[in-house]
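Subject: Structure handover

Hello,

Here is the structure I promised, with my notes below it. Please read them with the model open.

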Amino acid sequence: MKNKKELRTWLDDLQLDHPLVIAGPCSAETEEQVLKTAHELKDTDVNYYRAGIWKPRTRPGMFEGVGALGLKWLQKVKEETGLKTATEVANRTHVELALEHDIDLLWIGARSTVSPFIVQEIADALKGTDKVILVKNPVNPDLALWLGAVERLASSNIKKLGVIHRGFSTYEKTKYRNNPEWQLAIELQSRFPDLPIINDPSHITGNRGMILDVSQTALDLNFDGLMIETHCDPDNAWSDASQQVTPQSLEQIMKDLKIRKETSKEAEYNNLINTLRTQIDVIDHHLIEVLGKRMKVSDGIGTLKKANNVAVLQSKRWNEILGKMILEGEENNLSEEFVLRMFKAIHQESINHQEKIFRQKNGS
Ligand code: PEP
Ligand code: MN
């Protein structure tokens, strides 16, 4: 990718004393709704006013956006409030229309980032633009696909680039609408520390009650900004009603967030240590989840052994596991002693689980 520092210039030029804020409704619905929401956001921390004009809906037959008409409403927003504008583009025609209407920030949605053909078409249509272009992560947790999209845009001589982390689809149900997979965003930041990264807690949570919490984690992980869906009447929104907040709630969220500024050596140290600690918290949370999953599988084995009258302890199998894990541990810079102690503890917990199953009366 291009000269690293250049990637940040557009963001640094804004000289903000708070994270970048992109807010506005999921969808532009009516001229009145777009303007009312914008006026309520006018004197807040919001830097860009977002509204979806073309809506990528998973299934047909739902509200698919008002189309190009809404771009005129966004122009009016800029004239009346001075807010810069932002919308999603998903093909060449969208790009041409958005540029004609002088939209300041265009983003590529999660369902488009998955398709290199679409991304290339958009990159070609945007060639050399001085607008800000942000790439949402693809719906699936694939860092290469995400970066590939950014590279296609960079090759089209687009300088004002950034990414939006909006969480990932999972087959398993979680408390999130789209699982944040923070480790992936952390890896992206460590590989491209100068690529601005914005968090979208609205599409991660799908639930307005969780937005503050996810936003705080994002800021603790050194994200550069937030994109938060905001609507003058969220409960009656035509799309994503449960995750949208009112302009007043957005202001409260911004007040409640602990925003760290790098102003002194000490502040810089605190900032760094907090980022690293949040990374550890994310990983610890995963460790517990993964161990819980392992025990569930182990419970399944316990039930099977019981049904077939097989002993809980299978020493041969256990020694094989240990040998393999010691080797993998070495590759990951973990000492043999640590791997042995950790797996003995895991094994003991598995045995306890399985013995409990053996002690249960049949049919209970
Ligand atoms: C949106 O921002 O309204 C949207 C459709 O997001 P995503 O591409 O993340 O689903
Ligand atoms: Mn939405």
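Where is the place of serine 350? Serine 350 sits in helix 14, which spans residues 336–359. Bear in mind throughout that this is a predicted model.

Is serine 350 buried or exposed? Its relative accessibility is 6%, so serine 350 counts as buried. Leaving out residues up to four places away in sequence, serine 350 touches Arg294, Met295 and Ser298. With arginine 294 there is also a polar contact: the two side chains are joined at 3.3 Å.

Now the metal site.

Which residues coordinate the manganese ion (ligand 2)? They are Cys26 through SG, His203 through NE2, Glu229 through OE and Asp240 through OD. The distances run from 2.1 to 2.4 Å. Along the chain, the spacing of these donors is C-x176-H-x25-E-x10-D. Glutamate 229 belongs to strand 8 (residues 225–229), while aspartate 240 lies in the loop between strand 8 and helix 11 (247–256). Eleven residues separate the two.

Not counting residues up to four places away in sequence, aspartate 240 touches Cys26, Arg177, His203 and Glu229. The side chains of aspartate 240 and histidine 203 also make a polar contact of 3.1 Å.

Next, the other ligand.

How many residues surround ligand 1? There are 13, and the closest are Arg50, Lys55, Arg111, Lys136 and Arg166. For arginine 50, a polar side-chain atom lies 2.8 Å from an oxygen atom of ligand 1. For arginine 111, an N or O atom of the side chain is 2.9 Å from an oxygen atom of the ligand. Histidine 203 turns up here as well: one of its polar side-chain atoms is 3.4 Å from an oxygen atom of ligand 1. Taken alone, ligand 1 exposes 290 Å², and the protein buries 97% of that.

On to the packing.

The largest nonpolar core has 64 residues. Tyr49, Leu126, Trp146, Leu153, Leu161 and Leu188 have the most contacts inside it. Helix 7 (residues 143–155) gives the most to this core, with seven residues. Which residues does leucine 188 contact, leaving aside its neighbours within four places in sequence? They are Leu143, Trp146, Leu147, Val163, Leu195 and Ile197. Another core, of 13 residues, lies apart from the largest one. Its members include Ala86, Leu105, Leu134 and Ile198.

Last, helix 10.

Why is helix 10 (residues 211–220) largely enclosed by the rest of the structure? Because eight of its ten residues are buried. Those are Ile211, Val214, Ser215, Gln216, Thr217, Ala218, Leu219 and Asp220. The buried residues of helix 10 pack against helix 8 (182–191), helix 9 (201–205), helix 11 and helix 12 (265–307). They also pack against strand 7 (197–199) and strand 8. Just after helix 10, asparagine 222 takes a positive phi of about 70 degrees.

Best wishes

Key
Residues numbered from 1 in each chain as written. Chains lettered and ligands numbered in written order. Predicted model: local features only at pLDDT ≥ 70, side-chain atom pairs only at ≥ 80, totals over all residues. Heavy atoms only, no water. Donors = N, O, S within 2.8 Å, 3.2 Å for Na, K, Ca; no water. Helix = DSSP H or I, 4+ residues; strand = E, 2+ residues; numbered from the N terminus. Core = buried A, V, L, I, M, F, W, Y, C linked by side-chain atoms within 4.5 Å. Buried < 20%, exposed > 50% of the residue type's maximum accessible area, 1.4 Å probe, protein only. Contact = heavy atoms within 4.5 Å. Near = heavy atom within 4 Å. Polar contact = N/O pair within 3.5 Å; in protein donor to acceptor, adjacent residues only side chain to side chain. Areas by Shrake-Rupley, 256 points an atom, 1.4 Å probe, with all protein chains shown as cover.
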